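Have the model open and follow along.

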Amino acid sequence: MGKVLIFVEHSGGHLRTASLPAITFGRAASEHQGGPLVLVMLGKTLGAAAREAAQFGAEVLAVDDPALEHYLAETYAPIVARIAKEQGATLVGGTATSTGKDLLPRVAALLDAGMAADVTGMSAPKTFQRPMQAGNVLVQVEVTTPVVVAAVRQTAFPPADPKAPGAVTQVAPGAVDACGARFVSVATTQSERPELTEAKVVVSGGRGMKESSNFKILEELADLLGGAMGASRAACDAGMVPNDLQVGQTGKVVAPNLYIAVAISGAIQHLAGMKGSKTIVAINKDAEAPIFQVADYGLVATWEKALPELVSEIKKLKATQR
Amino acid sequence: MKILVTLKRVPDPEQKVKFKGDAIDFTGVNWVPNQFDEYAVEAALRLTENASAGGAGGAVRDGEVVVVSIGPKEVAQQLRAALAMGADRAILIDGDDGALDAEMVARTLVKLVEQEKPDLLLMGKLAADSENNQVGQLAAGYLHWPQATFAATIQAAEDGKALDVGREVDSGVEIKRVTLPAVVTVDLRIIAPQAIKNGKTAPDHAYPEGPRYASLKGIMAAKKKPITETALATLGIAPSLRVKTTAVTAPPARKAGVKVASVEELVAKLHNEAKVL
Ligand SMILES: Cc1cc2nc3c(=O)[nH]c(=O)nc-3n(C[C@H](O)[C@H](O)[C@H](O)COP(=O)(O)OP(=O)(O)OC[C@H]3O[C@@H](n4cnc5c(N)ncnc54)[C@H](O)[C@@H]3O)c2cc1C
Ligand SMILES: Nc1ncnc2c1ncn2[C@@H]1O[C@H](COP(=O)(O)O)[C@@H](O)[C@H]1O
């Protein structure tokens, strides 16, 4: 009857919403494992973020220390692994964010545990479903070690809703050893739009947008729909948009209700990041573009012609809805 | 600097996956180097050469690049290609792709690190087939080495005793310093023209985008470069899987879509049929 320990993230003094699907997963895992769900959060000055995490009906173990101000796999992994042992956790998990993907395998190494990556489902305490080969193969994996580590795909589990709050318990970090690693700096891109991985609508542009200024019309469309902006690798590489908008195998995995791909050919590595979207729209001037094979609605047209029309038609529709 | 680079062979991602009952059908599969690993090889070469010296004769190499793969004997072909790009020698650890998991690969790398004592274990961030995204982190954990995953840039620091790695993270780019020895896993943009500054090549040097092509001279030279073969058992790696694949299926097919003739029709369908507007 082991506990389930879920690593949750915070940023800007708040619980990261990217962690909510992992909490949902943790609740299901706790039924499988037969032990309670416990959340663990590391950092400096956690007060508010830890209280936010406690709203999800589980005890929050907060490891609050100035030495943990910046995330480092080297300092975080031993603490998470130690707490997992102290708590008697049989499953340790988190969301497969860039932090989760960096941290959880190192935790698995320290726990001598097998790890299931990019988990999209769970059918038994140690049996998980996950995609492979850019989403073209689904496998079921069974982890054979006593303790299991799982990184869950953010879009595969709904965000958890709040429950009767749990307690926040402070846990001492113990010795913090960075193993010769040091955080130097981070350059983040600010955006007023919803986060790519959480948006209900994503509007993405590809190489066919030709230049950065042409993305204005895509932004207008995204804002009209309350959506986020995305892009293909080619558009990022060409410097039209920041790299963190990249959707795909190397970018973010998204699964919105509506994904609009404009001037994107539909390479498998791009499809890997958006095939899970509910409704897919493709606008491309090439009728043979592979993106049309996954699109629910395809429009063969140049964006120069189609986008202004689309913006004005949607505005018209919105006007009648008011 | 001595660099151990990993290279896995994977089915060509451009080829359609075929299934035979409840397994992947590998007949007729074209095996290619995992792209991220090809990028790692390129990054290793850039880190160990002075590309601004040597004139028309090519870059001046300073350091050693050893490429390792765990796989069937046929993987010698992919290793040979890395040698033709410029790597110095290769190690082939005999193993059946299907009977490996991330832990076995990482434990094998630990053994090789103990034998070879590299300054840097440089790897792809992800194998395009398994997409486990964990071997590098596991190896770093077992070795108690610092790790810098998802590297988009690498810059030599502290007189070559450390690396400043630009990591692509969810919110942007993080710079992390790791003292050597360390594990670095590379992302796509590591092959950009100015992604790597090794402290020897002039800082404004621009490489051609992408992994280098093997020259004819490189291909000839590769024929004479050694590929050492070892068995997993010789290294003391037990063939037991911590993560077993128990079922393989094709993802559910998406319902066939339709082409619309106009923007008006598109908006009508999105509103009335898909109900997303
Ligand atoms: C290891 C690896 C990982 C990768 N990871 C990713 C990833 O995560 N995400 C990703 O996106 N890619 C990834 N790629 C790259 C991927 O293979 C493709 O190269 C990339 O997705 C192509 O981007 P694109 O569709 O914008 O460009 P292109 O393939 O060049 O397509 C441009 C499209 O625009 C259309 N077009 C041109 N002009 C117009 C116009 N005026 N109006 C309408 N349509 C127009 C064209 O018909 C064409 O279909 C990866 C590649 C590798 C090797
Ligand atoms: N069989 C293998 N041989 C050599 N390197 C490997 C092997 N499997 C994985 N790797 C390395 O580990 C990286 C991450 O793989 P993975 O964790 O499986 O996604 C790959 O990019 C390779 O560099």
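The shell around ligand 1 divides into 10 nonpolar, 14 polar and 6 charged residues. Here Ala, Val, Leu, Ile, Met, Phe, Trp, Tyr, Cys and Pro count as nonpolar, Asp, Glu, Lys and Arg as charged, and the others, Gly among them, as polar. Before going on, a word on ground rules: this is a predicted model, where local features need pLDDT of at least 70 and side-chain atom pairs count only at pLDDT 80 or more, while totals for chains, interfaces and linings use all residues. Residues are numbered from 1 along each chain as its sequence is written, chains are lettered from A and ligands numbered from 1 in the order in which they are written, and side-chain values use heavy atoms, with hydrogens and water left out.

Where does ligand 1 lie? You'll find it between chains A and B. Of the 30 residues around ligand 1, A:R207, A:S232, A:S265, A:Q269 and A:N284 come nearest (a residue counts as near if one of its heavy atoms lies within 4 Å of the molecule). Helices (H or I, at least four residues) and strands (E, at least two) are DSSP runs, numbered from the N terminus.

A nitrogen atom of ligand 1 has a polar side-chain atom of A:E304 at 2.8 Å. Taken alone, ligand 1 exposes 990 Å², and the protein buries 86% of that (accessible areas come from the Shrake-Rupley method with a 1.4 Å probe).

Ligand 2 is next. It is surrounded by 20 residues, and the closest are B:T6, B:D37, B:I70, B:A127 and B:N133. Backbone atoms do the work in these contacts: a nitrogen atom of ligand 2 is 2.8 Å from a polar backbone atom of B:I70, and an oxygen atom of ligand 2 is 3.0 Å from a backbone N or O atom of B:V135. How much of the 480 Å² of accessible area that ligand 2 has on its own does the protein cover? The answer is 98%. β8 (64-71) and β10 (120-124) of chain B each give two or more residues to this shell, and β8(B) gives the most, with 3 residues.

Grid points are joined across faces, edges and corners, and a volume is the space filled by probe spheres set on the points.

The second largest pocket has a volume of about 1,400 Å³. Of its 47 lining residues, the closest to its centre are A:S11, A:R16, A:T188, B:D170 and B:S171. Domain 1 (3-170) and domain 2 (196-320) of chain A both give residues to the lining, so this pocket lies between them; the domain bounds come from an automatic or database domain assignment.

Key: 1 Å grid on protein atoms, 1.4 Å probe; cavity = no way out; pocket = protein on both sides within 12 Å on 5 of 7 lines; lining within 4 Å. Polar contact = N/O pair within 3.5 Å; in protein donor to acceptor, adjacent residues only side chain to side chain.
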